[in-house]
Amino acid sequence: MHAYIGLGSNLDTPMAQLDRAIDTLQKHDDVKNLRVSSIYGSKPVGPQDQPDYVNAVASFQTDLPPLALLDLLQSIEQAQRRVRERHWGPRTLDLDLLLYGQETIQLPRLTVPHPYMLERGFVIKPLSDLAPDTLLNNGNTVIEQLQQLDTSDLVIIKEE
């Protein structure tokens, strides 16, 4: 299955947090052909009394079922001592399953496609680096969705 995940951090050396998560994914037996978008700096969503974020999207092939993939992502967050102080607040590492093939998943622990991804430039812009022509659940391609979003706060920190 082709999976896309969002990566984000704004605490405890955010670039290092993303680098460690990417390295862990690259070494995992169930993750194949890992690709990572450019890394972007962005303003926080929600409370503004927190540092800016670094964000990226990664794509890979996996045979893991959705909940097992979610467990893997959460184990990486925990291994990096994830801190999440409040809803939409600062965090050391956030790994979100954005897309799992073209599947729609509604489970108590997991909703795919990610419920907020269509309105978030810091997700759609890096996703467009990897998969501009992918069809989203609203009928738009990634690049069409990007054209509907304000991404003026995004700054490339590291090119893919």
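**Loop geometry, helix packing and burial in the predicted model**

Proline 113 is found in the loop between β7 (110-112) and α3 (121-130), where helices (H or I, at least four residues) and strands (E, at least two) are DSSP runs numbered from the N terminus. The peptide bond that leads from valine 112 to proline 113 is cis, with omega near -5 degrees. The structure is a predicted model, in which local features need pLDDT of at least 70 and side-chain atom pairs count only at pLDDT 80 or more, whereas totals for chains, interfaces and linings use all residues. Residues are numbered from 1 along each chain as its sequence is written, and side-chain values use heavy atoms, with hydrogens and water left out.

The protein contains four helices and eight strands, which, read along the sequence, follow the pattern β-α-β-β-β-α-β-β-β-α-α-β. Its C-alpha atoms fill a box of roughly 35 × 35 × 30 Å, taken along the principal axes. For 160 residues, a compact globule would have a radius of gyration near 15 Å, and the value of 15 Å for the protein agrees with this; the radius is taken over C-alpha atoms, and the globule rule is 2.2 Å times the number of residues to the power 0.38. Of the 160 residues, 50% count as buried, where buried means under 20% relative accessible area, exposed over 50% and partly exposed in between (1.4 Å probe, protein chains only). Among contacts (heavy atoms within 4.5 Å) between residues at least 6 apart in sequence, 65% join residues at least 24 apart.

The loop between β1 (2-9) and α1 holds aspartate 12, and threonine 13 is placed in the loop between β1 and α1 as well. Phi of aspartate 12 is near 55 degrees, a positive value in a residue other than glycine, and phi of threonine 13 is near 50 degrees, likewise positive in a residue other than glycine. Aspartate 12 is exposed, with a relative accessible area of 52%. Asparagine 10, which also lies in the loop between β1 and α1, counts as buried because its relative accessibility is 3%. Not counting residues up to four places away in sequence, asparagine 10 touches Gln50, Pro51, Asp52, Tyr53, Pro90 and Arg91. Asparagine 10 and aspartate 96 are 86 residues apart in sequence and, C-alpha to C-alpha, 15 Å apart in space.

Helix α1 (residues 14-27) packs with helix α2 (residues 66-79) at an angle of about 135 degrees, their axes being 10 Å apart. The angle makes α1 oblique to α2, given that angles under 35 degrees count as roughly parallel, over 145 as roughly antiparallel, 65 to 115 as roughly perpendicular and the rest as oblique. Ala21, Thr24 and Leu25 in α1 meet Leu72, Leu73 and Ile76 in α2. By class, this contact of α1 with α2 has five nonpolar, one polar and no charged residues.

Helix α3 is mostly covered, with nine of its 10 residues buried. The buried residues of α3 are Gly121, Phe122, Val123, Ile124, Pro126, Leu127, Ser128, Asp129 and Leu130. These buried residues pack against β1, β2 (32-36), β3 (39-42), β4 (53-61), β5 (94-100) and α4 (142-146).

Notes:
Axes are lines fitted to C-alpha atoms, for helices over the stretch in contact, and angles run from 0 to 180 degrees between N-to-C directions. Ala, Val, Leu, Ile, Met, Phe, Trp, Tyr, Cys and Pro count as nonpolar, Asp, Glu, Lys and Arg as charged, and the others, Gly among them, as polar.
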